[in-house]
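We will go from one stop to the next.

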Amino acid sequence: MSFEHQTQFALSDHIFSYPVRVYYQDTDTGGVVYHANYLNFMERARYEWLREMGFSVDTLIRAHKTIFMVRSLNIEYFKPALLDDLLHVTVQVTEIGRSRITLFQQVLRDQVMLVSAIIHVVCVGVESLKPVSVPTPLRQKIEK
């Protein structure tokens, strides 16, 4: 399934967007964002997406004894981001299982898709690091 068609299977139409400015440290000597840094941008957006729903990573650890770990990801690069660009990194839930959440993320510059990814995260127990159910309050927020 191509990335363009993934969003039609979203649980909701809600797309979270997080602004990211490209700094010198994000680029190579030519001023182009280094490919692995897009993963950092996406991680930051997922962190802020959780915060917007009222769940900091700290809350998940302390109150729910859970963390999310990336199980797999498929990323495609279409156009480069450059030094000083203002990007918008999106997060959209496409599927939620007992312990797994599938997310579709994009990195956009002026509404143009530069990078897209499908990311599968798994909810695991803090101590066991084995899959556990997504906390009910978080599941309820996602499924709204």
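**Start in the strands**

Select His88: Leu108 in β4 stands opposite. This is a predicted model, numbered from 1 along each chain as its sequence is written. Local features need pLDDT of at least 70, side-chain atom pairs pLDDT 80 or more, while totals for chains, interfaces and linings use all residues, and side-chain values use heavy atoms, without hydrogens and water. Helices (H or I, at least four residues) and strands (E, at least two) are DSSP runs, numbered from the N terminus.

Now show β3 (residues 86-96) and β4 (residues 100-109). They run antiparallel, joined by eight bridges. Strands pair if DSSP finds at least two bridges between them.

Widen the view. Five strands make an open, antiparallel sheet, ordered β1-β3-β4-β5-β2. β1 (16-21) and β2 (66-77) are at the edges with a single partner strand each, so one side of each has no neighbour in the sheet.

**Next, the helix**

Select α2. It packs on the sheet and touches β1, β2, β3, β4 and β5 (112-125). Contact means heavy atoms within 4.5 Å. Colour its buried residues (under 20% relative accessible area, 1.4 Å probe, protein chains only); among them are Tyr38, Phe41, Trp49 and Leu50. Just after α2, Gly54 has a positive phi of about 95 degrees.

**Last stop: Arg109**

Arg109 is in strand β4. Which backbone oxygen lies 2.9 Å from a polar atom of its side chain? That of Pro80. Leaving aside neighbours within four places in sequence, Arg109 also contacts residues including Asp85, Leu87 and Leu114.

Conventions
Buried means under 20% relative accessible area, exposed over 50%, partly exposed in between (1.4 Å probe, protein chains only). Axes are lines fitted to C-alpha atoms, for helices over the stretch in contact, and angles run from 0 to 180 degrees between N-to-C directions. A polar contact is a pair of N or O atoms within 3.5 Å; within protein, one must be able to donate a hydrogen and the other to accept it, and residues adjacent in sequence count only if both atoms are side-chain atoms.
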